[in-house]
Amino acid sequence: MSTFNLLVNGKPHRFESWDPAQPLLYVLRNELRLHGAKFGCGEGQCGSCTVLIDERPARACQVSVAAAAGKRITTIEGLGSPAQPHPVQAAFIAEQAAQCGYCTNGMVMSTVALLRTTPRPSLEQAKAALDGNLCRCGSHDRVLRAVQRAAGVATERA
């Protein structure tokens, strides 16, 4: 049995596991009851499990609990609240950039990471940053408008 110290949404958590390769996603959802990151494909291809690790987007289904130990992990629950949403969350709400909502976690987390490194992204930069996030509902145009709204950029044609 190994013990791992995780810093999730600014709060320390101590977690024991027999399997240091256990995906971070399982710990977040099953142990910490943070359900914003979704289990989608389990292969890091869809983006629904995206979290920020040391402010960079990462697929929680592909990151082991051992690799995440000692790093700053931010989930969508750590961004804002219903009363005070993060600016990216507020932009997604304003643009109605979700249908079923399954991809929304990954889209929001990827957008937060993009805006930290590129505060005023072009439409092409936004598309590139969100390229690994799949949405079967077809809300891509609204998602791109939300990215630009959050960045304070005049909406270009998506």
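1. Strands E3 and E5 run antiparallel and are joined by 2 bridges, with Leu-52 standing opposite Thr-74 in E5; strands here are DSSP runs of E with at least two residues, helices are runs of H or I with at least four, both numbered from the N terminus, and two strands count as paired if DSSP finds at least two bridges between them. The model is predicted, so that local features need pLDDT of at least 70 and side-chain atom pairs count only at pLDDT 80 or more, while totals for chains, interfaces and linings use all residues. Residues are numbered from 1 along each chain as its sequence is written, and side-chain values use heavy atoms, leaving out hydrogens and water.

2. On its other pairing, E3 meets E4 in the antiparallel sense over 4 bridges, where Arg-56 in E4 is the bridge partner of Ile-53. The hairpin of these two strands has 2 residues between them, and Asp-54 there takes a positive phi near 50°.

3. The open sheet has 5 strands in the order E2-E1-E5-E3-E4, with mixed pairing; E2 (11-17) and E4 (56-59) are the edge strands, each pairing on one side only. Strand E1 (residues 2-8) pairs with E5 (residues 72-74) in the parallel sense over 2 bridges, and Leu-7 stands opposite Arg-72 in E5.

4. Both faces of E3 are covered, since Thr-50 and Leu-52 on one side and Val-51 and Ile-53 on the other are all buried, that is, under 20% relative accessible area, against over 50% for exposed and partly exposed in between (1.4 Å probe, protein chains only). Phe-39, in the loop between helix H1 (24-31) and E3, is partly exposed, with a relative accessible area of 39%.
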